[in-house]
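Please read these notes with the structure open beside you.

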Amino acid sequence: TLMLTEGRAMGWCSDIISTVEFNHTGELLATGDKGGRVVIFQREQESKNQPHRRGEYNVYSTFQSHEPEFDYLKSLEIEEKINKIRWLPQQNAAYFLLSTNDKTVKLWKVSERDKRPEGYNLKDEDGRLRDPSMITSLRVPVLRPMDLMVEATPRRVFANAHTYHINSISVNSDYETYMSADDLRINLWNFEITNQSFNIVDIKPANMEELTEVITAAEFHPHHCNIFVYSSSKGTIRLCDMRTSALCDRHAKFFEEPEDPSNRSFFSEIISSISDVKFSHSGSYMMTRDYLTVKVWDLNMENRPIETYQVHDYLRSKLCSLYENDCIFDKFECVWNGSDSVIMTGSYNNFFRMFDRNTKRDVTLEASRESSKPRAILKPRKVCVGGKRKKDEISVDSLDFNKKILHTDKVN
């Protein structure tokens, strides 16, 4: 599994990574940044001479996906930041991926070219048209080897369908449709139709002053193309079935854990907001991440999660300062391993947490430059809450909240 921090790659704000996504084979890793760029990395193949190179990723392609725009009707600047990237299953030699900023989703084709045609009849080798009177014989063009060139070309642009900021895109299991979700609406798209989408969820109240919750994440079921879920800022999850009705305002299932009145505080509503939701590979469970915990839900049990994992419960006493520096609004992602037996999610100080669902063991690891060397073994880290601090422990007061692992993904 690979994870990336929300850190500066070159020292500029535009280089801050905003999303990561492996393709289905794990050979390619796409990252999006706040500057609207998509950088694709390719995994090095293992060789007998350099066996340690397996697992290293080098730059494969870089392209500008989105540019900054300005909505003159609303006097709003539209950022170029890439919010999400989703790969489509590979059908031929080319790769396809979706990328989105706040308003516009784009479908990109990434292809390789290592041969070029030569010997045209009407054009010379520089591409200029030849004088027809000088053409005295018919030539058959041939393909000549050339240096490998990776080209990224936009194939579809899905625009003008979202009033609010897009926070999620999810490819359906039928591979013909995908959905895009913003704060109040979810739209269903067909990959072949760019000028029209179908609104399947709309939670916008008639009076915006009555607004009490927003959509925070949405995802299609991995096997059933008619089922999807979306989470809210109130800590609830709604499962919808598109076979029931065209507009899925009435959910099929509603997942919510009753709040313990003794734990109620000023920050309860903020820390209960769900920042990520992921179906398990089996499709029988789903996982949600809020500010302090990761929860696993059985799709057949709506009243409470079957598992709850404390990510950094030692921050509960620091919520006031985290609120003042806006860290309490950070949106952490979570991910399953390939067998749904291990869960991974990020934390502060470049720490990330892994939970084994079978053994109930958990470990805290650190993604640092020192541990990024080939074959480096990550050492478990521990956070000391109070009392005497052991040699290998770090005090909760020493955590760096500017170093955070927000985005995670895994190799299938």
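1. Two strands count as paired if DSSP finds at least two bridges between them. By that rule E12 pairs with strand E13 (residues 177–181), in the antiparallel sense and over 4 bridges. The model is a predicted one, so please keep that in mind when reading each point.

2. A hairpin of 3 residues leads from E13 to E14.

3. E14 in turn runs antiparallel to E15, and 4 bridges join the two. Leu188 has Phe198 of E15 as its bridge partner.

4. How many strands form the open sheet, and in what order? There are 4, ordered E12-E13-E14-E15, with antiparallel pairing. Strand E12 (168–171) and strand E15 (198–202) are at the edges; each has a single partner strand, so one side of each lacks a neighbour in the sheet. On average, and ignoring direction, neighbouring strands of this sheet are turned by 20° against each other.

5. As background, strands of a sheet pair through backbone hydrogen bonds, either parallel or antiparallel.

6. Now to the core. The largest nonpolar core has 19 residues, and those touching the most other members are Tyr291, Leu315, Leu322 and Leu399. Apart from neighbours within four places in sequence, Leu322 is in contact with Tyr291, Leu315, Cys327, Ile328 and Phe401.

Conventions
Residues numbered from 1 in each chain as written. Predicted model: local features only at pLDDT ≥ 70, side-chain atom pairs only at ≥ 80, totals over all residues. Heavy atoms only, no water. Axes fitted to C-alpha atoms, helices over the stretch in contact; angles between N-to-C directions. Core = buried A, V, L, I, M, F, W, Y, C linked by side-chain atoms within 4.5 Å. Buried < 20%, exposed > 50% of the residue type's maximum accessible area, 1.4 Å probe, protein only. Contact = heavy atoms within 4.5 Å.
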